[in-house]
Amino acid sequence: MHSPAEWHRHAGNNMNEAERTRRKAHEQCSTSRRTHEQTSQGQYTAFNDLQECMEKKVNNSCKMIEVLRRREGSLVQSINNTAQTRSHLEMAHEAKDSPLRLCVWRLDKRSRRPRRELIKDRVEESLEAQKVQLIETQRKLADAINKATECIASLERKLELVREDLSKKQQALSVDDMCLRSTQRTLLQKAPTALQQSSGGHGLVVSREVAAAQQRSFKVAAVTLRETAKNEDNRFDECIRLDHAALTQEAAAKALGEKHSKLIQLCDGIAKMSATKAGQCLQDRINENQQMRSRLVHAIKETQEKIEHTKSTMSGTKVEMKSIQDPIKLCNSCNTARKYRASGEHIEDPVSTLLAEHEMALFRSNEELRRTHQNEKASLAELRKRVENLQEDLSDKSEALRIDVSCLTNDSVQYQFSTKRGPGKEYDTFAKASARPRSAGSVRAGTMFVPSYDFTGSGRVPSSVR
């Protein structure tokens, strides 16, 4: 059996051990409570920091999306403007086809003039110059169309990049926004507990080991945060660079569009000037031809009058030649009769001398009249030949005049030039005016006809050739 002292000692030891265990448990509970408070406060702080960071990222994503959307709309507008400019270029290029066909038709038409009228005149030179200028303007417009097409393709590629980046950022924004709403709910759940623990009246006692571990963790987190912040900055910078690249490309497209608009106006001006010059040269040539035809008609008239006068003179010469035959016969009769005079009276008296002289004079006059008549015949033949040549020349010049008048009026087609341009307005370079179609042989120019043509672009056809 145990002694009473052992009994008391044993009970005291048990109570002492229980006291130590209670103190240890109390310390453990305090440590656990502090750990709970640190965990809750750390979670609240971490969620708060996370929410602030996510709010910042969401705001940055919203800004970048706004920038990209604005750039997307601007790119679409630039593509539409460039496409409209290309359409204007195509219209201007197509509008040069009609004047070019007209110029080629005029050259072909004038190549069919009579042989003596095939000369290298100002009309021919102006038409050839107009053809070269129209071909050159079409070449420039075709190059401009190709450049506009390349510009549109480049803008569309840039628009595709912007839309791709915008789609990625919208998807990332939806994910970040969902996470932000989740952290907000968690933060609202943690906030009351953290606030209650922080205002409980007792401070948190953190051990040195825990404090050192937290400090090391904060340092690592700070380094990582700085590195990830650089990534976010690079992400924002990439968006800005894409926006600036698209802006630069849009500015180049705008400058190219202005250059092409000036090119259209320049080409229209060149086409209009060359057409006006060709028309004026045709009008001058027609006037010159008409003046020459008037001179030819006058020359034919004078030559025909001279032919009639020569015929009249020839008739007089024939009458003279016929009338001189009676005196010749009379002289012959006298000479024959005087041969039968008596032998004593058959002498060379003054009558014989005068008869002989008179007979010689009559023979000389007859011979002179015969030579004159031959010369008159030769002159008449020469005059008739000259009239024939003049008539052939007049016919050739009339044919050339008919061709030139047909080229000037084109017999039914006129062209008007317009350089109207503006937003929503149609851009016309050549407007085809309708007129009554007629054949090339329908133009009939009279002897004194002098055609005129309106070069103001009204499309008026002279009433004298209608």
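Okay, Cys 151: leaving aside neighbours within four places in sequence, it's in contact (heavy atoms within 4.5 Å) with Thr 82, Ala 253 and Leu 256. Quick caveat: this is a predicted model, so local features need pLDDT of at least 70 and side-chain atom pairs pLDDT 80 or more, while totals for chains, interfaces and linings use all residues. Numbering runs from 1 along each chain as its sequence is written, and side-chain values use heavy atoms, with hydrogens and water left out.

Cys 151 is also among the residues with the most contacts inside the largest nonpolar core, which has 20 residues. By core I mean buried Ala, Val, Leu, Ile, Met, Phe, Trp, Tyr and Cys joined through side-chain atoms within 4.5 Å; buried is under 20% relative accessible area, exposed over 50%, partly exposed in between, with a 1.4 Å probe and protein chains only. Helices H1 (4-95), H3 (122-198) and H4 each give two or more residues to this core, and H3 has the largest share, eight. Helices here are DSSP runs of H or I, at least four residues, numbered from the N terminus. There's a second, separate core of 13 residues, including Leu 127 and Cys 281.

Now, salt bridges, meaning a Lys or Arg side-chain nitrogen within 4 Å of an Asp or Glu carboxyl oxygen. The whole structure has 34. Take Glu 288 and Arg 285, at 3.4 Å, N to O. Both sit in H4, three residues apart, about one turn.
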